[in-house]
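Student: Hi! I have a protein on my screen and would like to walk through it with you. Can we start?

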Amino acid sequence: MRITVAKRGSTMKIMRILSIAVIALFISAPATSANSLTATNPMSGATVTVAPSAVSVTGQVALIDAGNSMEVTDPQGKRVDDGVLAIDGASAVIGLKTLKVAGVYTVTYTLFAENDVPLEGSFRFTFAAPSEISTPQPIPTESTSAKAEV
């Protein structure tokens with residue numbers, strides 16, 4: 001009988017330890033699922049030859065609409081974003097003014113998801129401006145299809 005009681009006591013200790021471990025795992029799980037950066041556009045460190053019209057930052061968790069900020073600065077530190085930040089699920093997108101200066105541009109962001117720590121950071125991309133920025137002119141072409149009679 002004593003052996004059975006001793007085994008039962010050991011089994012109970014193991015069950016208690018396992019229960020505490022499982023509870024600790026569930027309590028710490030939200031801390032490990034913090035929002036983190038998954039993509040940027042343009043890509044961090046990229047060199048682009050065509051000026052982007054917007055910059056986006058995407059995280060793992062859907063963002064809330066309030067309190068977010070993002071700014072884009074040119075090589076001289078002047079803001080070149082249009083100030084209009086749009087949130088689309090886990091992505092934040094900000095429009096850009098026409099980029100005219102070649103060099104390294106910096107994107108700085110602070111983004112919020114519900115019940116999560118802010119996703120803060122910055123990244124850079126290089127704009128290799130063309131020697132001349134021009135607006136393409138349309139070239140008229142003749143239609144080869146038959147004209148409809150009225």
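Predicted model: local features only at pLDDT ≥ 70, side-chain atom pairs only at ≥ 80, totals over all residues.

Student: New topic! How many helices and strands are there in the protein?

Tutor: There are one helix and eight strands. Starting from the N terminus, the order is α-β-β-β-β-β-β-β-β.

Student: Let's pick strand S6. Is it mostly covered or mostly uncovered?

Tutor: Strand S6, residues 91-96, is mostly covered, with five of its six residues buried.

Student: Which strands do bridges join to S6?

Tutor: Strand S3, residues 54-59, is joined to S6 by five bridges, and the two run antiparallel. Strand S5, residues 81-88, is also joined to S6 by five bridges, again antiparallel.

Student: Which residue in S6 does Val57 stand opposite?

Tutor: Val57 stands opposite Ala92.

Student: And what is the bridge partner of Asp81 in S6?

Tutor: Asp81 has Leu96 as its bridge partner.

Student: How many residues lie between the strands in the hairpin of S5 and S6?

Tutor: Two residues lie between them, and in this hairpin Gly89 takes a positive phi near 65 degrees.

Student: Last one: of the contacts with a separation of 6 or more, what share comes from residues 24 or more positions apart?

Tutor: Those residues account for 58% of such contacts in the protein.

Definitions and conventions: Residues numbered from 1 in each chain as written. Heavy atoms only, no water. Buried < 20%, exposed > 50% of the residue type's maximum accessible area, 1.4 Å probe, protein only. Helix = DSSP H or I, 4+ residues; strand = E, 2+ residues; numbered from the N terminus. Pairing = 2+ DSSP bridges. Contact = heavy atoms within 4.5 Å.
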